[in-house]
Amino acid sequence: MKKLQFMQSGYFILLTSFFVVFLFAVFNIFTIKRFNQRIEEIYKNSLNYSSNYWADQFYVANRELTSLINKNDNTDYNLICDSEDAAVIAERSSDLQRDLTNLSILNDNQIVYFVFIPDKDIMLSSISYLDYFQEEENEELKRYILNTQVNNSAEWKDIRLGDNYYFLHLYERKGGFGGCYISCENVLRDIMPQDQESNVYLLNMDGSVFYEPNVAIEYKNSFVFSRAIRMINKKICIEIPHVNFVSSGSYLFIIIIIAIIASVLLICIALFYQQQSVFRPLTKLKNAMEEFSGGNTEVRLKDRTSNHEITVLYNTFNHMAEQIINLKIDVYKTSLEKEKIYNQFLRVQIQPHFIPTY
């Protein structure tokens, strides 16, 4: 009986534990899925922010460039184009150089503004100091401008100067050119943290790679997110390996193993507790009842357990034992009383035969 109860309790605890493990696993699968979705939303939101930010930067650059060159005939640019006075040209060139530099500073030096007037051999740039490589790029830029048809639209062109790639916008007026360019490297620089493993590209609208800042890392499994940038007909693309996300399979396996170990420990603890608080006290009660029925009426259960029901059983047994003893005493007393009455009755019947006669 004891063994059967023990096994039934063990099975119940085992089934309960596995049910808890199953619920725990399902909950973790759902949690990991939601966590991955949240990470994906964060990446997408970051990409959307970068795309919108650079679209605004290209739009602002167009507007500022147009305002600088085509505002009215009294701008420094127009006065330089119209004047033949070397002193006026020098003074206005200095003022225009300052304006170009201020525009670039306002845009965190991410946009380079320049003015090129070929017939006066003037090339002004918001970069105040040019190193050797930048001088080479400036010469390439001049050659490109002289060989390009400028239509004064809002269009941005792709251009390579030296080893660098840029987006270039040109505006022609009075035989001169105003323009600005933005480095592709700047566009991609702050999209992903430096310590985050990923590939970042600029794609053409057909999906082909236009620019990648570094040699791409090949990933076996990855997520790819892309977002178009208005004004330049390019897309920012991020490729992120699966390892940057929480892997449901590996983590779930670990979680299930931990849960199974925890369940086994729980079962052992529960069985030990049942053994100490239920089965052992019940065994004592059974032994006490057998001993009492065998004639030892002095046996009592004095142990106090943490199990209230067992304590009630102990008290009930003790009370029952006291009642049985008291009942026996009462029966014995009644028997003695009956015997005494019977003896007196016999004495009364016998006594007349021994009365003396006179």
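Mentor: Happy to! Helices (H or I, at least four residues) and strands (E, at least two) are DSSP runs, numbered from the N terminus. This is a predicted model, where local features need pLDDT of at least 70, side-chain atom pairs count only at pLDDT 80 or more, and totals for chains, interfaces and linings use all residues. Residues are numbered from 1 along each chain as its sequence is written, and side-chain values use heavy atoms, with hydrogens and water left out.

Let's start with lysine 142, which belongs to helix α4 (residues 132–146). Its relative accessibility is 17%, so lysine 142 counts as buried (under 20% relative accessible area; exposed is over 50%, partly exposed in between, with a 1.4 Å probe and protein chains only). Beyond its neighbours within four places in sequence, lysine 142 is in contact (heavy atoms within 4.5 Å) with Phe116 and Met123.

Now for the rings. Rings of Phe, Tyr and Trp (its six-membered ring) pair if their centres lie within 6.5 Å; planes under 30 degrees apart count as stacked, over 60 as edge-to-face and the rest as tilted. The whole structure has 11 aromatic pairs. In one of them, tyrosine 49 and tyrosine 53 are stacked, 6.3 Å centre to centre with 20° between the planes. Both tyrosine 49 and tyrosine 53 lie in helix α1 (residues 2–70), four residues apart, about one turn of the helix. Tyrosine 49 is exposed at 57% relative accessibility, while tyrosine 53 is partly exposed at 27%.
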